[in-house]
Amino acid sequence: MTMINIQHLIDEQQCYETVRKLRWSNGVICPHCMASEDKVIKRGASSKAEFCQRYHCKQCDKDFDDLTNTIFTNRHQPLKTWILCLYFMGLNLSNAQIAKELELNETDVYTMTMQLREGVEQRREPTILSGEVECDEVYVVAGHKGNPTAVKKKGAKQGVID
């Protein structure tokens, strides 16, 4: 039986097209000065990735590409590897499993998953609680391995607990 590597099923060009659709759904905007699409011109493919579109802003005179100011900026792995890593995270695979699927070492996958989580967290709207909030089953650590007197004695030395 032949094993199929999932990386052969996903296309790098399609990943960039998807990023463009999601990022520029209302037209390309300069990430440096927020100039609208009428001030931005295409400048061909990026030298670092064949399918990554380059742009130039006529307002601030700066260049950027599809990945500028995203979690994927200046990463050494191809975009499809990042997209697959994000997909596997969504399936709740462990870093070890993701590393095996992507044929990467676990340290690299750990770094990638941490960066992806941080990126998702930064974009998430803050949760604001209002009204009555109820908490059930509060668990308070009683002490070292079930020995509350050890904690009590330690706190008493510092003048915290009588």
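This is a predicted model: local features need pLDDT of at least 70, side-chain atom pairs count only at pLDDT 80 or more; totals for chains, interfaces and linings use all residues.
Let me begin at the start of H4, where a side-chain oxygen of Asn105 reaches to within 3.0 Å of the backbone nitrogen of Thr107. Helices (H or I, at least four residues) and strands (E, at least two) are DSSP runs, numbered from the N terminus.

Residues are numbered from 1 along each chain as its sequence is written, and side-chain values use heavy atoms, with hydrogens and water left out.

Staying with H4, this helix has 18 residues and spans 26 Å from its first C-alpha to its last, close to the 26 Å expected at 1.5 Å a residue, where the expected span is 1.5 Å times one less than the number of residues. Which residues of H4 are buried? They are Val109, Met112, Thr113, Gln115, Leu116 and Gly119, and buried here means under 20% relative accessible area, exposed over 50%, and partly exposed in between (1.4 Å probe, protein chains only). Seen down the axis of H4, these buried residues fall within an arc of 165 degrees, so they line one face of the helix; the arc is taken from the directions from the helix axis to the C-beta atoms. On the other side of H4, Thr107 and Gln122 are exposed, whereas the buried residues pack against H2 and H3, a contact being heavy atoms within 4.5 Å.

That brings me to the nonpolar cores, each a set of buried Ala, Val, Leu, Ile, Met, Phe, Trp, Tyr and Cys residues joined through side-chain atoms within 4.5 Å. In the largest, which has 20 residues, Leu67, Leu79, Cys85, Ile98 and Leu102 touch the most other members. Helices H1 (12-23), H2 (79-90), H3 (95-102) and H4 (106-123) each supply at least two residues of this core, and the largest share, 6 residues, comes from H2. Leaving aside residues up to four places away in sequence, Leu67 touches Tyr16, Val19, Arg23, Cys52, Phe72, Thr73 and Leu79. A second, separate core of 8 residues includes Trp24, Cys30, Val40 and Cys57.

Finally, the whole chain: its secondary structure comes to 5 helices and 3 strands, running α-β-β-β-α-α-α-α from the N terminus on, and buried residues make up 29% of its 162 residues.

Definitions and conventions: A polar contact is a pair of N or O atoms within 3.5 Å; within protein, one must be able to donate a hydrogen and the other to accept it, and residues adjacent in sequence count only if both atoms are side-chain atoms.
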